[in-house]
Amino acid sequence: MNAEQLTRLFEPVIASLGLECLGVEFVASRGSGLVRVYIDVEGRHVTVDDCEAVSKEISAVLDVNDPISGRYTLEVSSPGFDRPLFTPAQFARFVGESAKVSLNLAVNGRRRFQGTIVRVDGDSIVLAQEGNEVSIAHSNIEKAKLVPDFSAIDPAPKPTGAKPGKAKGKKKS
């Protein structure tokens, strides 16, 4: 079973909990695979309780359907700052934001792009990179994620004065 099939299997279960299934990453390997499920919810942050509830429900679905042969680890996660992008609709939601995209097949001699999401044309994602626009078929995208802009966040003010536990001035002799 691949990631898209797992996503379709999990979506109704996750939706029944009032959450959205953003997508699934499935990495098969010898001995033990990894199933990572990304969830989101509108209007608030994903909580640990949300992840726990989804994990319990998905575990039951996996036990009943047994779609994965062998051992695997199940992870349920919020999207985080560097949110993965799985669908054209998710790219469209973040037009104007920066994204990193890895491709299955090279476009213009490249398999990796980082640029601003300009628009979504049907099933094609258009990125602006180095002053040029590149159109990428969604079906050619191996992996994509947002690149967070931390420059907009004000750093905490730095304390002034002496370091704790040390007196200012010269030693008396």
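This is a predicted model: local features need pLDDT of at least 70, side-chain atom pairs count only at pLDDT 80 or more; totals for chains, interfaces and linings use all residues.
Me: What percentage of the residues of the protein chain count as buried?
Reply: A residue counts as buried when its relative accessible area is under 20%. The protein chain has 173 residues. Of these, the buried share is 31%.

Me: Which pattern does the protein chain follow along the sequence?
Reply: The protein chain has three helices and eight strands. Read along the sequence, these elements give the pattern α-β-β-α-β-α-β-β-β-β-β.

Me: Which strands stand at the edges of the open sheet of five strands, and why is one side of each left without a neighbour?
Reply: The sheet is open, with antiparallel pairing and the order E7-E6-E5-E4-E8. Each edge strand has a single partner strand, so one of its sides has no neighbour in the sheet. The edge strands are E7 (132-137) and E8 (141-146).

Me: What is the average twist from one strand to the next in this sheet?
Reply: The sheet in question runs in the order E7-E6-E5-E4-E8. From one strand to the next, its twist averages 40 degrees.

Me: Which residue in E7 stands opposite Ala 128?
Reply: Strand E6 covers residues 124-129 and pairs with E7 in the antiparallel sense over six bridges. Opposite Ala 128 stands a residue in E7, namely Glu 133.

Technical notes. Residues are numbered from 1 along each chain as its sequence is written. Side-chain values use heavy atoms; hydrogens and water are left out. Two strands pair if DSSP finds at least two bridges between them. Helices (H or I, at least four residues) and strands (E, at least two) are DSSP runs, numbered from the N terminus. Axes are lines fitted to C-alpha atoms, for helices over the stretch in contact, and angles run from 0 to 180 degrees between N-to-C directions. Buried means under 20% relative accessible area, exposed over 50%, partly exposed in between (1.4 Å probe, protein chains only).
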